[in-house]
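Let's take a friendly walk through a protein model together.

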Amino acid sequence: MINLIKNIKWIFVLYSLAAIVAMVLIGLAIGLRSVLGIFAAIMMLVFVMGIGFKKKKEMREAGLL
């Protein structure tokens with residue numbers, strides 16, 4: 001169990017939580033019928049996912065994954 005916790009890449013946990021928050025904000029903005037909010041939340045999601053994929057590629061190339 002301790003090895004499992006040591007092997008967790010915590011930065012990816014944070015990226016995934018940020019992506020979940022962005023998805024929740026999309027739903028909230030839809031519920032509020034806010035076009036600007038929908039657009040901002042989608043941009044936030046694209047930004048967070050892009051950073052996450054870029055970081056994963058860098059770590060894979062460095063041999064850390």
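Which residues does Leu45 touch, not counting residues up to four places away in sequence? Leu45 touches Ala19, Ala22, Met23 and Ile26. Keep in mind as you look that this is a predicted model.

You will find Leu45 in helix α3. Its relative accessible area is 18%, and buried means under 20%, so Leu45 counts as buried. Now pick out Leu17, which is 28 residues away from Leu45 along the chain. The C-alpha atoms of Leu45 and Leu17 are separated by 11 Å.

Leu45 belongs to the largest nonpolar core, which has six residues. In soluble globular proteins, nonpolar side chains tend to be buried together.

Gly52 is buried, because its relative accessible area is 12% and the limit for buried is under 20%. Which residues is Gly52 in contact with, leaving aside its neighbours within four places in sequence? They are Phe12 and Tyr15. Along the sequence, Gly52 and Tyr15 are 37 residues apart, yet in space their C-alpha atoms are 6.1 Å apart.

Phe12 and Tyr15 deserve a look of their own. Both lie in helix α2, three residues apart, which is about one turn of the helix. A search of the whole structure finds one aromatic pair. In this pair, the rings of Phe12 and Tyr15 have their centres 6.4 Å apart and their planes at 55°, so the pair is tilted. Phe12 is partly exposed, with a relative accessible area of 22%, and Tyr15 is partly exposed too, at 21%.

Finally, let's come out to the surface. Here Ile11, Leu14, Leu17, Ile20 and Val24 form a nonpolar patch, and together they have about 450 Å² of accessible area. One of them, Leu14, has its place in helix α2. Is Leu14 buried or exposed? Its relative accessibility is 53%, and exposed means over 50%, so Leu14 counts as exposed.

Note on methods
Residues numbered from 1 in each chain as written. Predicted model: local features only at pLDDT ≥ 70, side-chain atom pairs only at ≥ 80, totals over all residues. Heavy atoms only, no water. Core = buried A, V, L, I, M, F, W, Y, C linked by side-chain atoms within 4.5 Å. Buried < 20%, exposed > 50% of the residue type's maximum accessible area, 1.4 Å probe, protein only. Patch = residues over 30% accessible without salt bridge, like charges linked within 9 Å, V, L, I, M, F, W, Y side chains within 5 Å. Areas by Shrake-Rupley, 256 points an atom, 1.4 Å probe, with all protein chains shown as cover. Salt bridge = Lys/Arg side-chain N within 4 Å of Asp/Glu carboxyl O. Helix = DSSP H or I, 4+ residues; strand = E, 2+ residues; numbered from the N terminus. Contact = heavy atoms within 4.5 Å. Phe/Tyr/Trp six-rings, centres within 6.5 Å; stacked < 30°, edge-to-face > 60°.
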